[in-house]
Every structure is written in structure tokens, then in C-alpha cells.
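Hi everyone, thanks for making time for this. Let me put the structure up on the screen, and then we can walk through a couple of spots together.

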Amino acid sequence: THCCPLRCRAAMSGEPAPVSVVPPPGEVEAGSGVHIVVEYCKPCGFEATYLELASAVKEEYPGIEIESRLGGTGAFEIEINGQLVFSKLENGGFPYEKDLMEAIRRASNGEPVEKITNSRPPCVIL
């Protein structure tokens, strides 16, 4: 059985994602204007990874739009504003959270977003 990342136990426990708080008038929520789509393979067990990732992203960037799509076998693909920034099918692993957060930061600042090529291998529960 595959499981990632280390905090997946919390995601798999069915705990709800944190609710974002509306910023005071005049302030813009971090991540506003950024749209992320994560396409993942549900039969592969990657839903827990998506849920954890989505929770971490919303915590750091409350104004972000993040949605999921069911993908093909082995898929865990991440698009930011329509640009593919990470592909498990190409890299063979999952993105490091810090790399994704940096890509989101760049996108929210209007900077060009580069493809994430670092990946961590899926962990295996024996």
C-alpha cells in the first residue's frame, strides 16, 4: 500500500480541512487570483495526498482556488493557472510541499512559474 506524505494519517482520518478566514476589508487574501488543479489517481490511493496538500495550501494561501480531478493510473499532476507545474507521471514521485508553496508564491506575485522537477518517492507501508 502506498501512502504519502508523512502527515497522511490525519488526512485519511477524515478530519475536515481548516476553514479559511476572510481578511479585513482592503486586504487581499494570500493566493488570490491563483487557481490550482490537481489531477490524481483515486484507485492508486492518492486522494489522501491530495487532501493533505490542499489543506496545507489553503492554510498558507487562504485566497487560493484549488480543485481536484480524477486522472489516469499513477497520475498526480498539478496545474497552476492552467500551466502544468508538476507531473508524477514524469517524475515518479510526489512534489515537496516547499517547492509547491514557492511556485504558488511566484504565481500570486505575477512571476513566471517554473516546472517542479524535484520529487520525493512514494512511501510504502510494510
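So, how many salt bridges are there? The count comes to six, and please keep in mind that this is a predicted model.

Let's begin with the pair K98 and D99, whose side chains meet in a salt bridge at 3.2 Å, N to O. Are these two buried or exposed? K98 is exposed, because its relative accessibility of 58% is over 50%. D99, on the other hand, is buried, since its relative accessible area of 16% falls under 20%.

Now on to R105, where we find a salt bridge with E102, the closest N and O atoms being 2.7 Å apart. Both residues sit in helix α4, residues 97-108, and they are three residues apart, so about one helical turn separates them. R105 is partly exposed at 30% relative accessibility, and E102 is partly exposed too, at 35%.

R105 also meets E111 in a salt bridge, at 3.5 Å from N to O. E111 has a relative accessible area of 29%, which makes this residue partly exposed. Bring in R106, and you have a network of salt bridges linking E102, R105, R106 and E111.

Where is T73? In the loop between β3 (65-70) and β4 (76-80). T73 is exposed, at 73% relative accessibility. Beyond its neighbours within four places in sequence, T73 is in contact with C41, C44 and L89. For T73 and L89, which are 16 residues apart along the chain, the C-alpha atoms are separated by 9.1 Å.

Terms used
Residues are numbered from 1 along each chain as its sequence is written. This is a predicted model: local features need pLDDT of at least 70, side-chain atom pairs count only at pLDDT 80 or more; totals for chains, interfaces and linings use all residues. Side-chain values use heavy atoms; hydrogens and water are left out. Helices (H or I, at least four residues) and strands (E, at least two) are DSSP runs, numbered from the N terminus. Buried means under 20% relative accessible area, exposed over 50%, partly exposed in between (1.4 Å probe, protein chains only). Contact means heavy atoms within 4.5 Å. A salt bridge is a side-chain nitrogen of Lys or Arg within 4 Å of a carboxyl oxygen of Asp or Glu.
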